[in-house]
Amino acid sequence: FDYPLQKYAQQGEVESCTRRKVKRLLSFQRYCHASRLLRGLVAHSPGSMHLLDDNYLGQAGHMLSKVSTWNFDIFLFDRLTNGNSLVTLMCHLFNVYDLVHHFQLDMVKLHRFLGMVQEDYHSQNPYHNAVHAADVTQAMYCYLKEAKLAEQLSPLDIFLGLMAAAAHDVDHPGVNQPFLIKTQHHLASLYQNTSVLESHHWRSTVGMLRESGLLSHLPPDMSQDIEQQLGSLILATDISRQNEFLLSFREHLDNQSLDLQLASHRHFILQIALKCADVCNPCRVWELSRQWSDRVCEEFYRQGDLERKFDLEISPLCDQQTDSVPAIQSGFISYIVEPLFEEWHRFTEASLLSQTMMGHLHKNKARWVRLRYAHTPSHTEDKESERQGGGDIP
């Protein structure tokens with residue numbers, strides 16, 4: 001981990017010590033893998049599901065029967081699967097779409113790949129962890145089932161959509177791109193300060209695909225095409241490219257120029273669907289949406305604390321003393337989520353799912369705005385709502 005600490009160090013020993021401290025604070029998952037092996041500890045893996053009793057597995061199975069519903073509680077599902085929500089969900093969805101048979105996948109290799117992906121998410125991250133990946137995957141499944149899309153998608157489209165959703169944030173360090181750039185992290189240098197995290201997520205996914213041998217039986221040109229399309233999908237989640245995709249989407253809809261018979265247009269819609277799935281938390285019911293909001297802000301605040309500790313300029317939205325959760329969320333909804341989902345609403349021709357999402361989005365935005373100006377913690381309003389017998393909005 002290359003970290004520029006010269007300005008903080010008065011001598012070589014101090015610099016070395018501080019460098020080690022930062023490395024511990026921002027280690028990547030592979031450091032954890034190595035240290036576990038050195039300590040002789042057994043890593044938590046999907047194989048640990050056998051420790052669950054039949055009651056828990058039965059409840060998880062029942063939840064999977066309702067995985068296409070928008071109020072699916074991914075937090076409960078993760079508990080019922082003993083922290084294996086991503087692997088369990090992906091295996092189920094691959095069966096739903098018969099992708100194992102269609103692509104002649106080896107089940108051992110598939111499980112190995114999915115286990116590697118799940119394990120390479122950082123469980124210590126409040127937000128960018130395997131539960132977020134599972135949540136995005138479940139949302140993507142809901143979008144793939146939309147009437148405008150379902151009849152048009154090929155098995156390859158579905159395979160790519162689910163795989164990109166599952167792996168889109170793999171090995172996320174819990175800090176953002178500006179942090180990696182200003183600390184001269186090696187990934188920022190490697191990817192020339194452009195889509196640094198997204199490029200790393202993609203290349204990590206490709207590495208795990210090759211290491212697991214999941215696609216090794218396919219013709220080389222086909223496996224290479226899959227890798228490239230996964231890259232195009234994952235790179236589309238770069239929030240700095242939001243306007244680029246939003247304007248293209250809006251232009252297509254205004255001109256009625258989308259032709260889903262064309263593979264390139266289906267790929268574009270998969271990019272949009274993944275972007276929607278990635279930021280869909282404010283479109284969930286309040287009880288789920290609020291948890292995600294608290295988690296992402298906690299991750300921001302941790303970065304801010306780290307920046308303060310090492311005398312770095314605190315990044316926007318990362319100062320817990322000035323950036324409240326309601327302020328962050330109401331701004332995020334207004335500038336990122338709402339514009340994107342308004343266009344998705346047009347694309348789906350106001351489908352039932354889209355109406356549901358927009359309803360939650362507007363209610364949640366109103367709630368955050370009220371909390372922002374009332375300077376009242378969200379849990380206080382929740383308790384008041386419960387006392388008054390209120391629903392989503394008191």
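Is histidine 132 buried or exposed? With a relative accessible area of 1%, histidine 132 is buried, where buried means under 20% relative accessible area, exposed over 50% and partly exposed in between, using a 1.4 Å probe and protein chains only. The structure is a predicted model, in which local features need pLDDT of at least 70 and side-chain atom pairs count only at pLDDT 80 or more, while totals for chains, interfaces and linings use all residues. Residues are numbered from 1 along each chain as its sequence is written, and side-chain values use heavy atoms, with hydrogens and water left out.

Of its 394 residues, 54% count as buried. Among contacts (heavy atoms within 4.5 Å) between residues at least 6 apart in sequence, 75% join residues at least 24 apart.

Histidine 132 sits in helix H8 (residues 130-144). Neighbours within four places in sequence aside, histidine 132 touches Tyr127, His168, Asp169, Asp278 and Trp292. Aspartate 169 belongs to the loop between helix H10 (155-167) and helix H11 (177-182), and at 6% relative accessibility it counts as buried. With neighbours within four places again set aside, the contacts of aspartate 169 are Tyr121, His128, His132, His201 and Asp278.

Elsewhere, a pair of helices can be described. Two packed helices are described by the angle between their axes and the distance between the axes. For helix H5 (residues 85-96) and helix H7 (residues 107-120), the axes come within 9 Å and cross at roughly 145 degrees; axes are lines fitted to C-alpha atoms over the stretch in contact, and angles run from 0 to 180 degrees between N-to-C directions. Residues of H5 including Leu86, Met90 and Phe94 meet residues of H7, among them Leu110, Leu114 and Val117.

How values were computed. Helices (H or I, at least four residues) and strands (E, at least two) are DSSP runs, numbered from the N terminus.
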